[in-house]
Amino acid sequence: MTTETPSHFISPFNGPVEIGLRALCVLTTAFPAAYALQRLVVFDYFLVHSDDIDCGPEGLHPQTPHRGGEILVRRGVLQHALTLYESRGLIERVYKDGGIFFAATDKSADFLDTLSTEYLKGLRERADWVVDSFGLLEDAELDAMVRDRIGTWGAEFSMESVLWTEEAS
């Protein structure tokens, strides 16, 4: 018996299924509000790295060096994820002045209620926090906040490595 190596490996972490689930949690919490893709990208970062925000809950994912850069690479995967969840009737596109927005459907909450993992429980708690804390911010306010802080998210590792180098000398 031989084992074949798949020609295409899809990571379960930060792939379309996981990122889509995170977006679904946010949109379900915000229902019936609809959010633009850029807001969902930022909110996804806030969900997993909530401890990067003053007074935020413990992060779901570990603090890694230069994690602020994650916000710049999530857009494509999130677009794919939204399309995936839309194809299952859990997310819908809303066309209105200002562009394309995404919203939960009447099936979203019921779907999430069928899942019972500690990770999902943490996601839902953080989705509540994100929507309550940032859901009403204007896009310009949210963008300014990210712009002001993005360089500091994960930068503590750079400073630590500089200090280690100086100590070794």
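**Entry 1: the overall layout**

I began by counting elements, and I found seven helices and three strands in the protein chain. I noted beside this that the model is a predicted one. Reading from the N terminus on, I wrote the order of the elements as α-β-α-α-β-β-α-α-α-α. I then looked up burial, and of the 169 residues of the protein chain, 38% count as buried. For contacts between residues at least 6 apart in sequence, I recorded that 71% join residues at least 24 apart.

I then went through the pairings one by one. Strand β1 pairs with β3 (residues 99-104) in the antiparallel sense over two bridges, and in this pairing I saw A36 opposite F101 of β3. Between β2 and β3 I noted six bridges, again in the antiparallel sense, and here E92 has A103 in β3 as its bridge partner. I also followed the chain from β2 to β3, which form a hairpin with two residues between them, and I wrote down that G98 in the turn has a positive phi of about 100°.

**Entry 2: a pair of helices**

I looked at how helix α2 (residues 37-48) packs on helix α5 (residues 118-134), and I recorded an angle of about 125° with the axes 9 Å apart. Angles that fall in none of the roughly parallel, antiparallel or perpendicular ranges count as oblique, and α2 and α5 are therefore oblique to each other. The crossing of α2 past α5 is right-handed.

Which residues make this contact? From α2 I listed R39, F43, F46, L47 and V48, and from α5 I listed Y119, L123, R126, A127, W129, V130 and F134. When I sorted the residues of this contact by kind, I had ten nonpolar, two charged and no polar ones.

**Entry 3: the loop between α1 and β1**

I placed F31 in the loop between α1 (16-30) and β1, and P32 belongs to the loop between α1 and β1 as well.

F31 and T105 are 74 residues apart in sequence, yet I noted 7.9 Å from C-alpha to C-alpha. I also checked the peptide bond that joins F31 and P32, which is cis, with omega about 10°.

My last stop was C55, in the loop between α2 and α3 (70-87). C55 is not a glycine, and still its phi is positive, at about 65°. For comparison I wrote down that most residues other than glycine have a negative phi, and that most peptide bonds are trans. Is C55 buried or exposed? I recorded C55 as exposed, with a relative accessible area of 80%.

Terms used:
Residues are numbered from 1 along each chain as its sequence is written. This is a predicted model: local features need pLDDT of at least 70, side-chain atom pairs count only at pLDDT 80 or more; totals for chains, interfaces and linings use all residues. Side-chain values use heavy atoms; hydrogens and water are left out. Two strands pair if DSSP finds at least two bridges between them. Helices (H or I, at least four residues) and strands (E, at least two) are DSSP runs, numbered from the N terminus. Axes are lines fitted to C-alpha atoms, for helices over the stretch in contact, and angles run from 0 to 180 degrees between N-to-C directions. Angles under 35 degrees count as roughly parallel, over 145 as roughly antiparallel, 65 to 115 as roughly perpendicular and the rest as oblique. A crossing is left-handed if the near helix is turned anticlockwise from the far one by less than a right angle, and right-handed if clockwise. Contact means heavy atoms within 4.5 Å. Ala, Val, Leu, Ile, Met, Phe, Trp, Tyr, Cys and Pro count as nonpolar, Asp, Glu, Lys and Arg as charged, and the others, Gly among them, as polar. Buried means under 20% relative accessible area, exposed over 50%, partly exposed in between (1.4 Å probe, protein chains only).
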